[in-house]
Amino acid sequence: MWLGLDDTDHLEGGCTTLEFHKLLESLPCSYSTPRLVRLWPFAAQRTRGNAALAVELDCDEGIIPFLDDYWHRIILPLRGAISPSNHDDRDQHPADPGMVLFAKQPSEDYYWRAVRQEVDELPPAVKTWGGHGCIGASAACAWPAKNRTWEAIAWRVNE
């Protein structure tokens, strides 16, 4: 199974990488190395970091009730969050989280289209949750992982 997540963030919080990390820590199954992909930077509703995340899960469709519950309790409340920008004139869009689950990895072609242009359709999934973020989440699942780079991510605690 392949699980993807995108579009939980806004300028004041909801970092998608942190939300995905917390989801992975709570999973009742094992999983492979998480993947972070950067997508087409000119998409109308792109998130601030323009990144989406995915991971291959070692489970079957029995994971769906767990993911349904996690979606409703943790991810869905982030929907609609928006923060004004004091340093950028780009229109800010409210967070519209999306989570996807695939039985097998989507076609590499979907990833390449999402890197090179705006995409508005989804590959067939076992289950989708949410809105616009499903596009980036699907693209992250479709990444072929032939060439890799590494990105260090750190979170700080606000005091």
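A contact here means heavy atoms within 4.5 Å.

**Figure 1. Overall fold of the predicted model.** The protein has four helices and six strands, and their order along the sequence is β-α-β-β-β-α-β-α-β-α. Taking contacts between residues at least 6 apart in sequence, 75% join residues at least 24 apart. Of the 159 residues, 42% count as buried. The accessible surface is about 8,900 Å², with 49% of that area belonging to carbon and sulfur atoms.

**Figure 2. Salt bridge between Lys-22 and Glu-19 in helix H1.** This pair is one of five salt bridges in the structure. The closest N and O atoms of Lys-22 and Glu-19 are 3.5 Å apart. The two residues are three apart in H1, a separation of about one helical turn. An α-helix has 3.6 residues a turn, so residues three or four places apart point the same way. Glu-19 is buried, at 7% relative accessible area, whereas Lys-22 is partly exposed, at 36%.

**Figure 3. Salt bridge between Lys-127 and Asp-68.** The closest N and O atoms of this pair lie 3.5 Å apart. The bridge links distant parts of the chain, with Lys-127 in strand E6 and Asp-68 in helix H2, 59 residues apart. Lys-127 is partly exposed, with a relative accessibility of 28%. Asp-68 is likewise partly exposed, with a relative accessible area of 23%.

**Figure 4. Salt-bridge network around Arg-113.** Arg-113 forms a salt bridge with Glu-121, and the closest N and O atoms are 2.7 Å apart. Salt bridges that share partners join Asp-109, Arg-113 and Glu-121 into one network. Arg-113 counts as partly exposed, at 25% relative accessibility. Glu-121 also counts as partly exposed, at 33% relative accessibility.

Conventions: Residues numbered from 1 in each chain as written. Predicted model: local features only at pLDDT ≥ 70, side-chain atom pairs only at ≥ 80, totals over all residues. Heavy atoms only, no water. Buried < 20%, exposed > 50% of the residue type's maximum accessible area, 1.4 Å probe, protein only. Areas by Shrake-Rupley, 256 points an atom, 1.4 Å probe, with all protein chains shown as cover. Salt bridge = Lys/Arg side-chain N within 4 Å of Asp/Glu carboxyl O.
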